[in-house]
Amino acid sequence: MKVLVINSGSSSLKFQLFEMPQEKVLVKGLAERIGEKIGKFKANDFVVEKPLATHKKALELLTEYLLNPENKIIDSKEEIKIVGHRVVHGGNKFVEPTLITAEVKEKIKELFSLAPLHNPANLTGIITAEEIFPKAKQVAIFDTAFHQSIPVKNHKYAIPEKFYEEGIRKYGFHGISHQYVSREANKRLGKEKSRLITLHLGNGASATAVWNGKSYDTSMGFGPMNGLIMGTRSGDIDQSIIFYMLDKMGYSSAEVQNILNKKSGMMALAGSNDLRDIETAAEKGDEKARLALEMYAGAIKKYIGNYIAQMNGLDALVFTAGIGENSDVVRKMVTDDMNYMGISIDSNKNKNPQKYNGDISDASSQVKVFVIPTNEELEIAKQSYNLVAK
Ligand code: ADP
C-alpha cells in the first residue's frame, strides 16, 4: 500500500512516498520557496527551478512526477491510499494518530494561536492534499501527541489554576522523533520497559525522559523556546529578563519574541547557528565558540541529571537529529565526566557510530549510549498505515 507523507511548512513542502508495510522509500523530495519568485522542486534525482505560486502547485508537480511513465512509480493517483500529515500542535485534544475530518480541521485551526508558525502551514498541506488526492485517507500525526502521557506533576506550571484551565501547560515538541528513536532504542535493549533519555539535537533541540515507552517529561514546554540552548533560541532563561526588556529597555513584545527565537542560542553566543562552523572556530582557538559549546553541552547535562533523578536510573541515552547524529564533539562533551551517573563512551566508537550499529558506549558503561538517526517521515508513515490498515 502506498503512503504519502507530507510535512508542510509556510513556504516549503517536504514529502516521501512509502510502500507499506515494507517501509520502502519510493520517492523523497521537497518543494522550497513556495510563493516566492522562483521556487525549487526536487523529487529523487529530478530537480526543477520555477515559480511555485502555492502549495497546490507543488503537489501538482509531485503528481506529474509520480504519474510520469518514465519514473514507473504509479499508474493512477488512486494508488495512493493514505496521506499522512505532520501537524505540530495537537493541544490537549489529540493524543494519537487521527483520521482527518471537517471537525479535526476545525480543531487544528483552533490551535493556530498555540503554534502560529506551524499549524496554519500544516492545515494548508492537508487541504491541498485533499484536493489533489480526494480518494486517499488523510491522517494527522501530531508532534505533541507523544508527550500527552507526561503526568500532571510534570506538565502543569505553578501558576494560578485558571491559566491551566485555559490550556497553559507543558505540551512538548519533536514528539514524532522522540517516539521513533525511543522505540528503536528499546529494540536494541531488547525490552519495552526501560528508562531512556532521548536527545533531539537539530536546529531546534529537546530532551525527553521516556519511561516504559512513554514520554514522562520533556524540556520544551508551552512553546518551543525553552529547555536546551538551540541554534537561534535561548532555551531556559529567567522570566524577569523578559519584563526587564519590555518595561525598562523599551523593547516591544514582538521584538523580544524575535530576539529569544531568532537571535539567541548559538547564534548569540558564537555568531552562527551552524554547529560545524562553531566546532571549526573552537578548534582554531576562538574563545566565544569554545564557551558556546561548553554552555550547549552543559544545558544538556543539566537535563540528563534531572531526568536520571526523576526516573531513579537510566538504561540508555540516545543522540539524534543533525547535531546528535553527526557531532562527535558534542556527544563527547555531553558524556564527559558522567561516570558517576554510569555513563561513559568509547572515543573510537564515538568517531564512527555507524560501524558499531550506533552503540558508542564503553564496555564499562552501565548506561548504553546510542546514536540513532531519526526518521520522522517513516514514523508518520507507520502510524498512518497502522491506523488505516488495522
Ligand atoms: P532541523 O531542526 O532544521 O531539521 P537538523 O536536524 O538538520 O535541523 O540539524 C541541523 C544542525 O545539525 C545544524 O546546526 C548543523 O550544523 C548540524 N550538523 C549537521 N551535520 C553536522 C556535522 N557533520 N557535524 C556537526 N554538526 C552538524
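Trainee: Which residues lie nearest the centre of the second largest pocket?

Mentor: First, know what you are reading. This is a predicted model, where local features need pLDDT of at least 70, side-chain atom pairs count only at pLDDT 80 or more, and totals for chains, interfaces and linings use all residues. Residues are numbered from 1 along each chain as its sequence is written, and side-chain values use heavy atoms, with hydrogens and water left out.

Mentor: Now the idea. Rolling a probe the size of a water molecule over the atoms shows where empty space is left. The search uses a 1 Å grid over the protein atoms alone; a pocket is an open set of points with protein on both sides within 12 Å along at least five of seven lines, and lining residues have an atom within 4 Å of a point. Here 22 residues line the second largest pocket, and Phe 146, Gln 179, Arg 183, Gly 213 and Gln 383 lie nearest its centre.

Trainee: What is the volume of the second largest pocket?

Mentor: A volume is the space filled by probe spheres set on the grid points, which are joined across faces, edges and corners. For the second largest pocket it is about 540 Å³.

Trainee: Which element gives the most to the lining of the second largest pocket?

Mentor: Helices (H or I, at least four residues) and strands (E, at least two) are DSSP runs, numbered from the N terminus. Helix α6 gives the most, with six residues. At least two residues each come from β8 (137–142), α6 (175–189) and α15.

Trainee: How do I read the lining by class?

Mentor: Ala, Val, Leu, Ile, Met, Phe, Trp, Tyr, Cys and Pro count as nonpolar; Asp, Glu, Lys and Arg as charged; the others, Gly among them, as polar. The second largest pocket has seven nonpolar, eight polar and seven charged residues in its lining.

Trainee: How many cavities of 30 Å³ or more does the search find?

Mentor: In a cavity, a 1.4 Å probe fits but cannot get out. The whole structure has one of 30 Å³ or more. The largest cavity holds about 30 Å³ of space. Its lining includes Lys 77, Glu 78 and Phe 133. By class, that lining has five nonpolar, no polar and three charged residues.

Trainee: Is Ile 380 buried or exposed?

Mentor: Buried means under 20% relative accessible area, exposed over 50%, partly exposed in between (1.4 Å probe, protein chains only). Ile 380 has 2%, so it is buried. Look for Ile 380 in helix α15 (residues 376–389).

Trainee: What does Ile 380 contact?

Mentor: Contact means heavy atoms within 4.5 Å. Leaving aside neighbours within four places in sequence, Ile 380 contacts Val 5, Gly 84, His 85, Arg 86, Ile 141 and Ile 176. Check Phe 142 too: 238 residues separate it from Ile 380 along the chain, yet their C-alpha atoms are 9.1 Å apart.
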